[in-house]
Amino acid sequence: MAVGVLALQGSFNEHIAALKRLGVKGVEIRKPEQLHNVTSLIIPGGESTTMAKLAEYHNLFPALREFVKMGKPVWGTCAGLIFLADKAIGQKTGGQELVGGLDCTIHRNYFGSQIQSFEADILVPELASKEGGPETFRGVFIRAPAVLEVGPEVEVLAMYPVPSNKVLYSSPAVEIQEENTTPEKNVIVAVRQGNLLGTAFHPELTADSRWHSYFLKMANGVGQGASSSIIAVGGADSSLNQPPRNDLPIFQ
Ligand SMILES: NC(=O)CC[C@H](N)C(=O)O
């Protein structure tokens with residue numbers, strides 16, 4: 001079956017295009033019953049409060065929670081990561097509904113407002129060991145969240161060293177200090193807990209397909225003996241083992 005992409009708001013088209021580059025069909029999901037047609041799901045970045053209101057309007061929360069509980073692979077990028085968190089702080093007044101499932105606390109706008117958005121190369125040891133290619137990945141952080149605390153089941157896949165004079169929110173993240181440098185806080189920006197994957201940045205806005213390829217392998221149960229369930233689309237390179245394309249971020 002195909003990969004679903006929650007298509008209420010945000011960068012769902014970009015995820016579908018990234019999947020297509022890997023030869024996989026992404027299916028837009030707007031209604032609860034459409035989740036029956038897919039075996040995995042991407043929740044894109046966008047604006048989580050708006051996305052939550054739309055999800056509520058379409059009565060999607062119970063079906064999304066059920067999808068997560070059934071152990072189906074779900075990847076949340078940015079606002080999608082906020083959706084998957086068990087707890088979010090920095091929410092608008094009145095809060096917002098979350099899907100939950102990922103045992104962590106997220107700060108919704110950890111790095112500040114829209115104009116504090118940035119790009120940075122982040123170290124991605126787990127991704128590089130599974131997908132090959134460079135040890136770093138170009139992280140596009142757009143009014144990005146960060147993970148403040150994780151539970152024991154959560155695997156940290158990437159951290160970003162933020163100079164502590166730029167840290168807007170104090171968290172128990174690890175502090176590192178070298179001589180003659182500004183102390184840095186290592187902030188968690190990518191996590192995995194079983195079937196759930198979360199990235200605070202936007203891999204769908206870069207030409208490096210390794211996070212999509214990594215998720216497709218989760219979705220295909222590679223290494224767990226499950227049979228392949230992803231639909232390949234014609235015309236694109238359907239190999240998931242192709243060397244990563246690292247030419248540029250789509251948006252620079
Ligand atoms: N690029 C993004 O998805 C930003 C998410 C944003 N911080 C929110 O609250 O929704």
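**Figure 1. Pro203 in the loop between strand 13 and helix 6.** In this predicted model, Pro203 occupies the loop that connects strand 13 (196-199) to helix 6 (210-219). Pro203 counts as buried because 28 C-beta neighbours lie inside 10 Å, where 20 or more are required. Leaving aside residues up to four places away in sequence, Pro203 touches Thr77, Asp208, Trp211 and His212. Asp86, which is 117 residues from Pro203 along the chain, has its C-alpha atom 23 Å from that of Pro203.

**Figure 2. Helix 6 and the residue that follows.** Helix 6 is largely enclosed by the rest of the structure, because 9 of its 10 residues are buried. The buried residues are Arg210, Trp211, His212, Ser213, Tyr214, Phe215, Leu216, Met218 and Ala219. Trp211 and His212, both buried in this helix, are also among the residues that Pro203 touches. After helix 6 comes Gly221, with a positive phi near 60°.

**Figure 3. The residues surrounding the ligand.** The shell around the ligand consists of Gly45, Gly46, Glu47, Ser48, Cys78, Ala79, Ile82, Arg108, Asn109, Ile142, Arg143 and Pro145. Classified by residue type, this shell comprises 5 nonpolar, 4 polar and 3 charged residues. Glu47, Arg108 and Arg143 belong to the shell and count as charged.

**Figure 4. The protein chain as context for the close-up views.** The secondary structure of the chain comprises 6 helices and 13 strands. Of the 252 residues in the chain, 44% are buried. Among contacts between residues at least 6 apart in sequence, 70% join residues at least 24 apart.

Methods: Residues numbered from 1 in each chain as written. Predicted model: local features only at pLDDT ≥ 70, side-chain atom pairs only at ≥ 80, totals over all residues. Near = placed C-beta within 6 Å. Helix = DSSP H or I, 4+ residues; strand = E, 2+ residues; numbered from the N terminus. Buried ≥ 20, exposed ≤ 12 C-beta atoms within 10 Å, placed from the backbone. Contact = placed C-beta atoms within 7 Å.
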